[in-house]
Amino acid sequence: MITRTVSKNPRTTRGDLVNDLQRAGTKVTKATISNTLRRQGLKSCSARRVPLLKAVHVQARLKFAREHLDDPEEDWENVIWSDETKIELFGKNSTRRVWRRKNAELHPKNTIPTVKHGGGNIMLWGCFSAKGPGRLIRVKERMNGAMYREILSDNLLPSAKALKMKRGWVFQHDNDPKHTTRATKEWLRKKHFKVLEWPSQSPDLNPIENLWRELKVRVAQRQPQNITALEEICMEEWAKIPATVPFSHKERIHFQQLLLLLMHH
């Protein structure tokens with residue numbers, strides 16, 4: 001009964017199970033429940049946050065997976081991945097725990113759908129390739145298309161040169177409106193940048209999320225007490241992240257597994 005219940009609803013807590021079993025006339029402890037589930041290959045984990053998807057997003061993600069599932073590793077090494085992220089000064093966002101099996105963290109039942117814009121904080125823009133982190137900058141004002149193009153002009157090419165990208169490298173960014181304005185598309189075209197076609201609502205496909213997670217853990221460990229310190233520590237810790245962290249062999253395998261997962265859902 002315990003395994004069947006959490007398989008049907010991974011968000012079931014040990015307390016829920018204790019109460020359900022007690023109503024059924026069986027008295028068990030939370031420790032017994034944990035041990036029983038572990039023997040079945042299930043453990044309590046924080047639920048992954050994933051974007052809330054509409055049918056059109058699902059189809060776009062499926063199309064992306066079909067087109068790129070068999071791409072050689074060398075192709076991904078020739079991509080500069082980019083994104084913006086918000087880093088908060090105090091605390092962490094709340095999490096939910098789920099019972100899941102190994103390598104099942106991205107199954108829809110084991111994730112928490114999120115929508116964008118959900119102490120103080122700062123907004124950062126950064127990029128990286130398989131060769132390591134590129135530039136990281138703080139976005140001090142509300143970003144619009146013109147500001148975004150200025151950020152790319154000042155930081156994208158210098159990052160590509162510092163990372164010694166091969167000729168014909170590809171630029172990745174998501175479908176945020178300021179990234180996809182006509183003026184920005186024209187600017188990218190005039191600069192002869194190849195842009196990776198990207199499915200909307202797919203931050204989980206961007207390996208830079210691994211880098212953001214690493215940065216946030218490092219920053220939290222240093223416990224900055226004000227915005228100025230937060231920015232300084234972000235820059236310091238970004239510079240310390242080894243080139244192997246953002247797109248390690250493990251993360252490449254994870255990326256391929258995610259594409260496979262999209263093919264089967």
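**Buried cysteines, a loop threonine and aromatic pairs**

Cys-234 has 0% relative accessibility, so Cys-234 counts as buried (under 20% relative accessible area; over 50% is exposed, and in between is partly exposed; 1.4 Å probe, protein chains only). Cys-127 is also at 0% and therefore buried. The disulfide count is 0, where a disulfide is a pair of cysteine sulfur atoms within 2.5 Å.

This is a predicted model, in which local features need pLDDT of at least 70, side-chain atom pairs count only at pLDDT 80 or more, and totals for chains, interfaces and linings use all residues. Residues are numbered from 1 along each chain as its sequence is written, and side-chain values use heavy atoms, with hydrogens and water left out.

Now to Thr-12. Thr-12 sits in the loop between helix H1 (2–8) and helix H2 (14–23); helices (H or I, at least four residues) and strands (E, at least two) are DSSP runs, numbered from the N terminus. Thr-12 counts as buried because its relative accessible area is 7%. A polar atom of its side chain lies 2.7 Å from the backbone oxygen of Asn-9. Beyond neighbours within four places in sequence, Thr-12 is in contact (heavy atoms within 4.5 Å) with Thr-5, Val-6, Leu-17 and Trp-99.

The aromatic rings come next. The structure holds 6 aromatic pairs. Rings of Phe, Tyr and Trp (its six-membered ring) pair if their centres lie within 6.5 Å; planes under 30 degrees apart are stacked, over 60 edge-to-face, the rest tilted. Trp-76 and Trp-81 are stacked, at 5.7 Å centre to centre and 25 degrees between the planes. Both are buried. Trp-169 and Phe-193 have planes at 45 degrees and centres 5.4 Å apart, so that pair is tilted.

Terms used:
A polar contact is a pair of N or O atoms within 3.5 Å; within protein, one must be able to donate a hydrogen and the other to accept it, and residues adjacent in sequence count only if both atoms are side-chain atoms.
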